[in-house]
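Here is a chain to look through step by step, in the form of questions and answers. Please keep the sequence and the 3D view open while reading.

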Amino acid sequence: MSDIIQLLPDHVANQIAAGEVVQRPASIVKELLENAIDADAAKIELILRDAGKNLIQVVDDGKGMSETDARMAFERHATSKIRGTEDIFKIVTKGFRGEALASIAAVSQVELRTKQKDSSIGTNIYIEGGVFQFQDPVQTAEGSNFLVKNLFYNVPARRKFLKNNNIEFRHAIDEFQRIALAHEGLEFSLFHDDEPVFKLRKGSQMQRIVDIFGRKLQPQLIPIKEDIIWCKLHGFVAKPEGAKKSRGEQFLFVNGRYFKSPYFNKAVQEAFEGLLMPGYVPSFFLYLELDPEKIDVNIHPQKTEVKFEDEHLIFALLRSTIKRSLGIYNVSPSLDFDRDPELDEMMNKPIPSKGNGGGMIRMPEIIVDKDYNPFLEEKTVVLPEEIQNLTEMYHQNITAEPSKINLFEDEDFDEDLMRLPNGYWLFNKGDVTLMLDLGRMHRLLVSENNRSSSSAKKSSTNSHALLFSLEYHMNEIEKNKYNSIKKYLPELGFDMKIAHESVLRIDSLPEGLKETQAMKFLENLFEILEYKTEEEFMLYYQNQWNKMQSKSRFDFIYKKDAEQLIKDFTALGFPEFLPDGKRCFFEVPFNDFKNKF
C-alpha cells in the first residue's frame, strides 16, 4: 500500500491559517494597525475603500523595514517580537505569532512600500494570493505603507459571505476605536471612500474618548483610579443615566491591549447594582496594567481572550473601585470615603482668638428646650352651648340622601367586557374569560394591514412640521449611520439634514412622536442600526414604531374603541401570539380561583 500522508504546499497552508486570522476586512485592519504601533509609529493613517473589500491601506511613520526584513515578513512564523518559548509569557508587543501577514497575503493582493530612517532608498514588494511576484527599490517616505487589495479574490466562497458595506465598515470602525482608545498618545486618521471619518489628535484619555464618541458623553464620565503593588487600574465609567440596553461603549484593556471578558463585565455590572433599570448595561473605559508574566494572551489568533493569574482579585478590585468612585461623586449612597477622621476632632477643639482680649473661642452651642410643646401654649375652651349646636346640625343632616356620584363607569362593568386597573381587559368569549392585551392586539392588526398594503408609500408615516427646529449633536459613528439611512427618513416622516459639522437639524417629525421624545428616539434609532442592513432596519423600525404607538395609545382607551378593536381582531382569526412569540391574551383560570375559597 502506498503512502497517503503528504506535506501541504505553503500557499495551501497559508489559506487554511487565514481562516482563523482573516475573517473579514476588520481583521486585517486590526493586524496592520497593531504592526504600525509595534513599529513605534507616532502617526497612523487608515484608508478604506468599499468597507475594506477592495482596499485596506495603513500608512505609518514608524521605523520601517530593510529589504530582507520586508521579504521575510510574509513568511509563516517569521517575527521580530519573540525569540524563544520564554518570551511568550512576557509579551509587551501587540503581535508575536508571525502568522498575520502570511495569512493576509494568501487571500489578497498585497503591496508593501517601506523605508528605514537611515536608508537612502526604500523597497517595494508585491505578493498575490500568497505567491511572491517582485521586489524593487523605490523612493518612499520613512516608515511603512501597506496596501491590501481585493480581499478573498481567490476564495470566492469566502468573499460571498461578507456582509454589505455598512456592516463591514462598522466592524472596521470597532477595531479602529479599540486601537485608538488604547493609544491616546498617537495620532490616528481614518478615511472611507475618500471621505474623512476620524482625525484623532494625541492627548489625554478623556480627550480621546470625547473625540471618538462625542462631547455629549463627557459630562457623564466618572474617573476611576486605583494603584496597588501588583496592579494599576484607571479609566472612566459613565453615570447610570448613560446606560444603554445594548452593549455599546464597554471597553477593557490590559497593558494597552483590548480584550473581552464577560467575567469582568459582571464585576462592573455588580458595582452599579441598584442604580440601573433591568436590562440596561453601563458604559465604561477601563485600563489595567499588570506584569506581563501575570497574563497569557496566547489563547486565540485574534488575541482578544486573555487569561489572568489572579482574576478573582481583579474582579474584586474592579467592583470595589467603581463602587467607591460612584459614592465619591454622589451617584450612589456613600460612606464618606474621603472624609478625614481627624475632622470631627478638630471641630470640637477651641479656636485661638486674634482679638484684643485674646483667649480661646469655642464653637457656638445650640440649646433646645425638650419640654416645649406648641400645642399647649393656647388652650381652646369649648362652651356647652357650642356642643349643643353641633349636635343639632348633625341630626338635621343625617337624613340627607346619599350621593349619586359613582367613581366607576357603568360601562366598565358590562357583562362581556371590563377594564382592569392595570390596563388589561377581561372579555367573555363563549364559555371562557380571557385577559386581553389591547396594545399587542393592535400591533398585530397594524402589522397585518401594512403587510397587505400593495405599496410602501401607503403605509408611510405622516409628519408634522416643528415651529422651532431641533438640533441633535452626532459623533462620527452616528454621522455614518445617519448617512446610511437618510434616504429612508422622509418616508418615515422625518425631515432632517446635517446643518454643519456634526449637527443634525430636525424640521419635521412623524405624527405621534412628541418633540420631547425626539432626541431619545434618534439615539435609539442609531443604536438599533448597529450591525443591521438597511432592509432589516426598516422592518425593525416599523415594529418598534408600532410598539411605541400602541403603548401610548392604549394607556387609556374608551370601551367603544376597545369593542371595535376586538371585532377587527376576531375578523383576523383571534390569533393568540405575535410573530415574536409574545401572547395577545390568555384564559383566566376561574376554576383554580374557586379552590382558593
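Me: How many helices and strands does the chain have?
Reply: The model shown here is predicted, and the chain in it has 597 residues. Its secondary structure comes to 18 helices and 24 strands.

Me: What share of the residues of the chain count as buried?
Reply: A residue counts as buried when its relative accessible area is under 20%. The accessible surface of the chain comes to about 35700 Å², and carbon and sulfur atoms hold 52% of that surface. Of the 597 residues, the share that counts as buried is 41%.

Me: Among contacts with a separation of 6 or more, what percentage is accounted for by residues 24 or more positions apart?
Reply: The contacts in question are those in the chain whose residues have a separation of 6 or more. Within that set, the part that joins residues 24 or more positions apart comes to 66%.

Me: Which strands are the edge strands of the open sheet of eight strands?
Reply: The order of the sheet is β5-β4-β3-β6-β2-β1-β7-β8, with mixed pairing. An edge strand here pairs on one side only, and this holds for β5 and β8 (195-200). Neighbouring strands of the sheet are turned by 10° against each other on average, direction ignored.

Me: Which residue in the turn of the hairpin of β4 and β5 has a positive phi?
Reply: Strand β4 (residues 122-128) pairs with strand β5 (residues 131-138) in the antiparallel sense over seven bridges, and one of the bridge partners is V138 in β5, facing G122. Strand β4 also pairs with β3 (residues 109-115), again in the antiparallel sense, over six bridges. Two residues lie between β4 and β5 in the hairpin, and the residue with a positive phi, of about 60°, is G129.

Me: Why do the buried residues of α8 line one face of the helix?
Reply: The buried residues of helix α8 (residues 262-271) are F264, A267, V268 and A271. Seen down the axis of α8, these residues line one face because they fall within an arc of 95°.

Me: Which helix do the buried residues of α8 pack against?
Reply: These residues pack against the strands β11 (250-254), β12 (257-259), β13 (284-289) and β15 (307-308). The helix they pack against is α9 (311-328).

Technical notes:
Residues are numbered from 1 along each chain as its sequence is written. This is a predicted model: local features need pLDDT of at least 70, side-chain atom pairs count only at pLDDT 80 or more; totals for chains, interfaces and linings use all residues. Side-chain values use heavy atoms; hydrogens and water are left out. Helices (H or I, at least four residues) and strands (E, at least two) are DSSP runs, numbered from the N terminus. Buried means under 20% relative accessible area, exposed over 50%, partly exposed in between (1.4 Å probe, protein chains only). Contact means heavy atoms within 4.5 Å. Accessible areas come from the Shrake-Rupley method with a 1.4 Å probe; for residues, only the protein chains shown count as cover. The arc is that of the directions from the helix axis to the C-beta atoms. Two strands pair if DSSP finds at least two bridges between them. Axes are lines fitted to C-alpha atoms, for helices over the stretch in contact, and angles run from 0 to 180 degrees between N-to-C directions.
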